[in-house]
Amino acid sequence: MEKDVLDDSVVPDIVRLAGDDGELALHAAGWSGSLRLRSGDLAWLLTVSDGRVGGPVGDDGRSDSTEHITIAGTADMWAKLLQSVPPAPFTDPFGARFAGMDVTGGPLTASRHLAVRRLAELARHAANGTNPWPAPLPNRSRHGQHDAAVGRYIHLDLDGLDHRIYYEEAGSGIGLLCQHTTGSDARQWR
């Protein structure tokens, strides 16, 4: 039998990372209740107090809180969810529902939905021993150096009308279209 990825050694790390995570605290703000992680027959009950995750505490299978959410799945489902690069649909617990994982309880507001997704990301980092915090890239530009992007206009005849469209080129590959306005006051035209 394969060892459970979600176990007593990983759950305290999840709680530690959750306690230090501003994104989770922001999405869980105002939530006081509990969150149960269930992997097969194993379960851990985490407390949530005004958005701060604590615990784990003993789990008797019940919760007195009306604001309780459970994430439940088999050990195999948790193993996929907690892979450093998870396969589809295990990128988050809500996607994993399509493969049989359960997310129940509530109320599951939009912000709690985001909090549960972030907790799953933190669990992935805890299971893999990786750092969940963003690492900014070093500033590679030099003072007074021109940027690689080049802005240009192109004229397109669309339905008999001449349209002058601004675009930027930077590098190669597939371009992304970003719509923005190019003025800074009420004189700009859309």
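The paragraphs below lead through the structure from its overall build to its strands and then to its salt bridges.

This is a predicted model, in which local features need pLDDT of at least 70 and side-chain atom pairs count only at pLDDT 80 or more, while totals for chains, interfaces and linings use all residues. Residues are numbered from 1 along each chain as its sequence is written, and side-chain values use heavy atoms, with hydrogens and water left out.

The secondary structure of the protein chain comes to five helices and seven strands, where helices (H or I, at least four residues) and strands (E, at least two) are DSSP runs, numbered from the N terminus. Followed along the sequence, these elements give the pattern α-α-β-β-β-β-α-α-β-α-β-β. Of the 190 residues in the protein chain, 32% count as buried; buried means under 20% relative accessible area, exposed means over 50%, and partly exposed lies in between, judged with a 1.4 Å probe and protein chains only. The protein chain exposes about 12700 Å², and carbon and sulfur atoms supply 52% of this area, with accessible areas coming from the Shrake-Rupley method with a 1.4 Å probe and, for residues, only the protein chains shown counting as cover. Among the contacts in the protein chain with a separation of 6 or more, 54% come from residues 24 or more positions apart, a contact meaning heavy atoms within 4.5 Å.

Strand E1 (residues 33-39) and strand E2 (residues 42-49) run antiparallel and are joined by seven bridges; two strands pair if DSSP finds at least two bridges between them. Within this pairing, Arg38 stands opposite Ala43 in E2. The hairpin of E1 and E2 has two residues between the strands, and Gly40 there takes a positive phi near 60°. E2 also runs antiparallel to strand E3 (residues 52-57), to which four bridges join it, and here Ser49 stands opposite Arg52 in E3. E2 and E3 likewise form a hairpin with two residues between them, and Asp50 in the turn has a positive phi of about 50°. In a regular strand the side chains alternate between the two faces of the sheet.

The charged side chains come next. A search of the whole structure finds seven salt bridges, each being a side-chain nitrogen of Lys or Arg within 4 Å of a carboxyl oxygen of Asp or Glu. In one of them, the side chains of Arg112 and Glu67 meet at 2.7 Å, N to O. Arg112 lies in helix H5 (residues 110-128) and Glu67 in the loop between E3 and strand E4 (68-73), so the pair ties together parts that are 45 residues apart in sequence. Arg112 is buried, with a relative accessible area of 9%, whereas Glu67 is partly exposed at 24%.

Other salt bridges lie within a helix. Lys80 and Asp76 meet at 3.5 Å, N to O, and because they are four residues apart in helix H3 (residues 75-81), about one helical turn separates them. Lys80 counts as partly exposed at 29% relative accessibility, and Asp76 counts as partly exposed at 44%. Glu121 forms a salt bridge with Arg118, their closest N and O atoms being 2.7 Å apart, and these residues, three apart in helix H5, are also separated by about one helical turn. Glu121 is partly exposed, with a relative accessible area of 30%, whereas Arg118 is buried at 8%. Both belong to a network of salt bridges that links Asp21, Glu23, Arg118 and Glu121.
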